[in-house]
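Hi there,

Here is the structure I promised to pass on. Please have a look at it first, and then read my notes below.

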Amino acid sequence: MYSISEDVNGNKDNKDKDAGDNLLASIQKKIADAFDIFDHESNKTVDVREVGTIIRSLNCCPSEAELHDMLAEVEEEESTGYVRFDKFLPMMTKVLVERRYKAATEDELVKAFQVLDIDGKGFLTAEELTKYMTEEGEPFTQEELEEMLSAAVDPDKKTILFKDYSSVMAVEEVW
């Protein structure tokens, strides 16, 4: 990740190491801040059902299967229904440092919508999107679908203009 070089006098240059340490500290602070939002009792635990939301708030988009694998890694051996911060932090740090499950770029989102827009109209109807999101690939839950449609559908035209939606939904890399 970083290197330490020596100058002509044999002094080690720690700039790269310091930058790496600063980046790691920044990532861990973002994780702690996201975790703390859901730590309602301030006891360094969160409800296991909130972990997916925390992970997604950190711009990671794992599939449900990947999320279950992540939960298995951080849950207690005897299920308590809670996840402790001291188990969540190292797992999530590794995920972010490795840039796993990163969110799609605007271009990737537009291309995905274009594949679904068979007629080349430049938009999808709510019905078309509902069909794709519930019948193809890993289906969305009703709650996920409603949340997406509330953000995506133009209330006047009842369509999803995917170029507008993609620019709103694309997430910029924060580290």
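Predicted model: local features only at pLDDT ≥ 70, side-chain atom pairs only at ≥ 80, totals over all residues.

Residues are numbered from 1 along each chain as its sequence is written, and side-chain values use heavy atoms, with hydrogens and water left out.

The protein has eight helices and six strands, taken as DSSP runs (helices H or I, at least four residues; strands E, at least two) and numbered from the N terminus. From that end, the order is β-β-α-β-α-α-β-α-α-β-α-α-β-α. Of its 175 residues, 30% count as buried; here buried means under 20% relative accessible area and exposed over 50%, with a 1.4 Å probe and protein chains only.

Helix α7 covers residues 142–152, and its buried residues are L145, M148, L149 and A152. These sit on the same side of α7, because they span an arc of only 95° around the axis, judged by the directions from the helix axis to the C-beta atoms. The exposed residues E143, E147, S150 and A151 are on the face turned away from that buried side.

T93 belongs to helix α4 (residues 85–97). It counts as buried because its relative accessibility is 8%. Leaving aside neighbours within four places in sequence, T93 is in contact (heavy atoms within 4.5 Å) with L24, Q28 and I31.

Best wishes
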